[in-house]
Amino acid sequence: MSRLVTSLCLISVCLASAKKPTSRIVGGNEAFARQFPFAAAIYVRKDDGTYFCGGTLINNQWVLTSAHCVQNAVSFTIQLGSNTLQGNDTNRIVLSTNEYVLNPDFNPETLQNDIGLVKFRMPVEYTDYVTQIYAMPTFSLQNGATAVAIGWGQTSDEESSLSNELRYADLTTVSNAECQQIYGNQITNNMVCVSGNYNEGTCIGDMGSPLVQHVGRGFYLHVGVASFISGNGCESTDPSGYTRTFSYMDWIKNVTTT
């Protein structure tokens with residue numbers, strides 16, 4: 001039975017060769033400018049080092065990410081508006097903060113309730129390249145649904161660096177019963193597992209990044225937060241796991257509107 005792995009990306013290791021050309025998230029394509037204007041690149045400083053995670057701008061003051069990304073954080077540096085992590089980009093906005101909210105029921109051993117929020121000190125100003133995600137879910141994601149994973153994570157098990165370019169991959173949700181055959185009873189209804197053709201999926205450095213559904217005219221619906229990959233590696237045939245956004249909408253609304 002496969003292990004669930006959170007796989008945070010330690011910056012001192014993962015940025016070592018981030019400019020090396022790559023072609024995948026693990027399978028997938030390079031995003032074009034303004035395709036995902038809600039994408040957030042999060043540098044998380046903790047007592048033992050600085051880590052990288054993804055996130056989603058859900059309004060002008062809050063970023064949604066995973067709980068294990070924000071737990072015990074000292075501060076955050078968040079980049080918005082640019083598909084690249086390094087290099088000049090006049091559309092990039094860089095913000096710093098130390099305020100976050102961890103889901104009170106998060107269990108780091110089982111990854112139950114792996115969801116968290118980061119708050120900016122001041123509201124961010126929207127541009128053509130920076131805006132909140134179009135919609136949050138009003139119903140639970142169905143089995144066999146198509147979705148899009150995005151992130152700057154590693155592009156293979158052998159590639160130890162982040163991708164400098166934001167990438168995306170088309171995935172399909174699998175039933176929790178099928179996912180439990182691989183990971184066991186750690187998989188609950190508050191999680192959703194996804195897989196793609198040719199082993200496409202999330203990898204180290206993608207944690208906290210969104211799973212979205214295209215709802216037309218370039219608009220996207222947020223349906224999941226990247227939570228874990230298989231202990232067998234990113235390129236294994238095992239599905240990767242997300243926290244199901246719909247299960248936490250009441251909590252998200254309570255936190256972000258108070």
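**Figure 1. The largest nonpolar core of the predicted model**. This core has 45 residues, and those with the most contacts inside it are Phe 36, Phe 52, Ile 78 and Ile 252. Two or more residues each come from strands S4 (39-46), S5 (49-59), S6 (62-65), S7 (75-80), S10 (116-119), S11 (146-151) and S15 (219-230), and from helix H4 (249-256). Strand S4 gives the largest share, six residues. In soluble globular proteins, nonpolar side chains tend to be buried together.

**Figure 2. The largest pocket**. The space in this pocket comes to about 160 Å³. Its lining consists of 17 residues, and Ala 33, Arg 34, Gly 81, Ser 82 and Asn 83 are those that lie nearest the centre of the pocket. By class, nine residues of the lining are nonpolar, five are polar and three are charged.

**Figure 3. Two asparagines with positive phi, Asn 72 and Asn 113**. Most residues other than glycine have a negative phi, and most peptide bonds are trans. Asn 72 is not a glycine, yet has a positive phi of about 65°. The loop that holds Asn 72 runs between helix H2 (67-70) and strand S7. Asn 72 has a relative accessibility of 58% and therefore counts as exposed. Asn 113, also not a glycine, has a positive phi of about 60°. Asn 113 sits in the loop between strand S9 (99-102) and strand S10. With a relative accessible area of 16%, under the 20% limit, Asn 113 is classed as buried.

**Figure 4. Thr 146 in strand S11**. Thr 146 is exposed because its relative accessible area is 59%, and the cut-off for exposed residues is over 50%. Not counting residues up to four places away in sequence, Thr 146 touches Leu 171 and Gln 213. Tyr 134 is twelve residues from Thr 146 along the chain, and the C-alpha atoms of the two are separated by 18 Å.

**Figure 5. Asn 176 in helix H3**. Helix H3 covers residues 176-183, and Asn 176 belongs to this helix. The relative accessibility of Asn 176 is 10%, so this residue counts as buried. Beyond residues up to four places away in sequence, the contacts of Asn 176 are Ile 187, Thr 188, Asn 189, Met 191, Val 192 and Arg 244.

**Figure 6. Strand S10 and its pairing with S6 and S9**. Both faces of S10 are covered. On one side Gly 116 and Val 118 are buried, and on the other Leu 117 and Lys 119 are buried. S6 pairs with S10 in the antiparallel sense over four bridges, and Trp 62 has Lys 119 of S10 as its bridge partner. S9 and S10 also run antiparallel and are joined by four bridges. Leu 117 in S10 stands opposite Val 101.

**Figure 7. Strand S15 and its pairing with S1, S14 and S16**. S15 is mostly covered, with eleven of its twelve residues buried. Strand S1 (residues 4-5) pairs with S15 in the antiparallel sense over two bridges, and Ser 230 in S15 is the bridge partner of Leu 4. Strand S16 (residues 240-244) runs antiparallel to S15 and is joined to S15 by four bridges. Tyr 242 in S16 stands opposite Ala 226.

**Figure 8. The hairpin of S14 and S15**. Strand S14 (residues 210-216) and S15 run antiparallel and are joined by six bridges. His 214 has Tyr 220 in S15 as its bridge partner. Two residues lie between the strands of this hairpin, and Arg 217 in the turn has a positive phi of about 55°.

Methods
Residues numbered from 1 in each chain as written. Predicted model: local features only at pLDDT ≥ 70, side-chain atom pairs only at ≥ 80, totals over all residues. Heavy atoms only, no water. Core = buried A, V, L, I, M, F, W, Y, C linked by side-chain atoms within 4.5 Å. Buried < 20%, exposed > 50% of the residue type's maximum accessible area, 1.4 Å probe, protein only. 1 Å grid on protein atoms, 1.4 Å probe; cavity = no way out; pocket = protein on both sides within 12 Å on 5 of 7 lines; lining within 4 Å. Points joined across faces, edges and corners; volume = space filled by probe spheres on them. Nonpolar A, V, L, I, M, F, W, Y, C, P; charged D, E, K, R; others polar. Contact = heavy atoms within 4.5 Å. Pairing = 2+ DSSP bridges.
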